[in-house]
Structures are given as structure tokens and as C-alpha cells.
Amino acid sequence: MLVIEKNALSEEIESYVEKYGNDRSALLMILHEIQKKHRHISEFAQQEVARLLNIHPVEVYSVISFFAFLNTNPKGRNLVRICQTISCDMKGKKQVVQAIERELGTKIGETTKDNKFTVEYANCLGLCDMGPAMAINDQVFVNLTPEKAVELLSKVK
């Protein structure tokens with residue numbers, strides 16, 4: 001990371017600290033802001049957040065590793081999360097996943113070569129009665145079929 005990029009990121013994180021405060025209770029909101037803009041939270045960003053909140057970097061990392069929506073590695077521009085609960089399994093999730101992998105040319109847990117999509121499992125989207133379910137970025141889709149999933153992806157492409 002270049003010095004200019006580090007300085008810009010430091011200033012950005014400082015603005016989040018000004019917005020949310022400099023105590024431990026602001027940590028999750030600050031991390032969410034960084035994630036939203038950069039699609040991941042770099043090691044440098046973690047160090048800066050820890051420094052500005054006066055907490056240990058391990059505390060920052062432990063929060064990132066606990067929440068599935070926070071990442072330390074870059075993700076694609078569009079994040080596709082597929083519910084992996086047993087109820088979605090029983091309603092045909094396997095066929096939906098196969099169709100998504102075929103359409104994007106990637107496997108679960110990977111990012112497409114063009115960096116447009118990252119596909120991963122989510123522990124639960126909370127829509128068990130309407131499964132299979134998936135989220136594309138912040139929008140949730142339910143009662144999926146393989147055809148419907150591919151159609152939704154093509155709208156994002």
C-alpha cells in the first residue's frame with residue numbers, strides 16, 4: 001500500500017471516528033463503513049481503527065472474524081450469499097447453487113475472474129419458510145429456482 005493511499009485511508013477512518021465516536025461501542029459501525037467502501041478491511045485499516053479507538057488490534061480482528069459480513073480479503077463488487085440451512089437444502093438449494101456456479105463460472109467461496117461477483121454461503125438469511133434464499137448485496141430473494149437465480153444474476157451483470 002502506497003503512503004498516499006495509507007494517508008487517505010487514515011483520514012477516512014478518522015472521519016468515521018468523528019462521526020461515530022472514539023469508544024469501543026463505535027467499532028462495528030466504523031468497520032461497516034470501511035467494508036462498504038473498500039469491500040474488505042485491510043490489516044492497515046484494522047491497525048488504524050485500533051489506534052484511534054485505543055484498543056488492541058486483536059479486538060478489532062476478533063470482531064471482523066465473528067461477523068460474516070465483515071471481511072479481511074477483498075470481495076467482488078457484488079456479493080452473492082446463499083443460505084445454507086437444512087430447510088433451504090430441502091427446497092432445492094443444491095440445484096440453485098449449481099446453476100449459479102455454472103452461470104458465473106466460479107465455485108462457492110470464490111470470486112469471478114472479472115471481480116464482479118463473490119459467491120459464498122450464509123449461515124442463515126432468516127427466511128426458512130421461503131427458501132431457497134439468497135442475497136445479492138443488500139437485496140434478498142426467496143423461493144428461488146435455478147432459472148430465477150440465473151435471471152437475477154443476469155440483471156446485476
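**Exercise 1. How are α3 and α4 oriented to each other?**

*Solution.* The structure is a predicted model, in which local features need pLDDT of at least 70, side-chain atom pairs count only at pLDDT 80 or more, and totals for chains, interfaces and linings use all residues. Residues are numbered from 1 along each chain as its sequence is written, and side-chain values use heavy atoms, with hydrogens and water left out.

Step 1 is to locate the elements: helices (DSSP runs of H or I, at least four residues) and strands (runs of E, at least two) are numbered from the N terminus. Helix α3 covers residues 43-53, and helix α4 covers residues 57-66.

Step 2 is the geometry. α3 and α4 pack at an angle of about 120°, with their axes 8 Å apart; axes here are lines fitted to C-alpha atoms, for helices over the stretch in contact, and angles run from 0 to 180 degrees between N-to-C directions.

Step 3 is the classification, in which angles under 35 degrees count as roughly parallel, over 145 as roughly antiparallel, 65 to 115 as roughly perpendicular and the rest as oblique. α3 and α4 are therefore oblique to each other.

Step 4 lists the contact (heavy atoms within 4.5 Å): Q46, Q47, V49 and A50 in α3 meet P57, V60, Y61 and I64 in α4. Sorted by class, this contact has six nonpolar, two polar and no charged residues, where Ala, Val, Leu, Ile, Met, Phe, Trp, Tyr, Cys and Pro count as nonpolar, Asp, Glu, Lys and Arg as charged, and the others, Gly among them, as polar.

**Exercise 2. Describe how α2 packs on α4.**

*Solution.* Begin with the two quantities for the pair: helix α2 (residues 27-38) and α4 pack at an angle of about 70°, and their axes are 11 Å apart. That makes α2 roughly perpendicular to α4.

Next come the residues, where L27, L28 and L31 in α2 meet E59, V60, V63 and I64 in α4. The class count for this contact of α2 with α4 is six nonpolar, no polar and one charged residues.

**Exercise 3. Which side chain meets that of K37 in a salt bridge?**

*Solution.* Apply the criterion, a side-chain nitrogen of Lys or Arg within 4 Å of a carboxyl oxygen of Asp or Glu; by this rule the count comes to eight salt bridges. In one of them the side chain of K37 meets that of E12, at 3.4 Å from N to O. The pair links distant parts of the chain, with K37 in helix α2 and E12 in helix α1, 25 residues apart.

**Exercise 4. Find the backbone features at R39 and P132.**

*Solution.* R39, in the loop between α2 and α3, has a positive phi of about 65° although it is not a glycine. P132 lies in the loop between β3 (117-122) and β4 (134-136), and a cis peptide bond joins G131 and P132, with omega about -5°.

**Exercise 5. Where in the chain is confidence lowest, and where highest?**

*Solution.* The chain holds seven helices and five strands. Its mean pLDDT (the predictor's confidence in each residue, from 0 to 100) is 92, and 99% of its residues reach 70 or more. Confidence is lowest in helix α1 (residues 3-20), at a mean of 90, and highest in helix α6 (residues 93-104), at 97.
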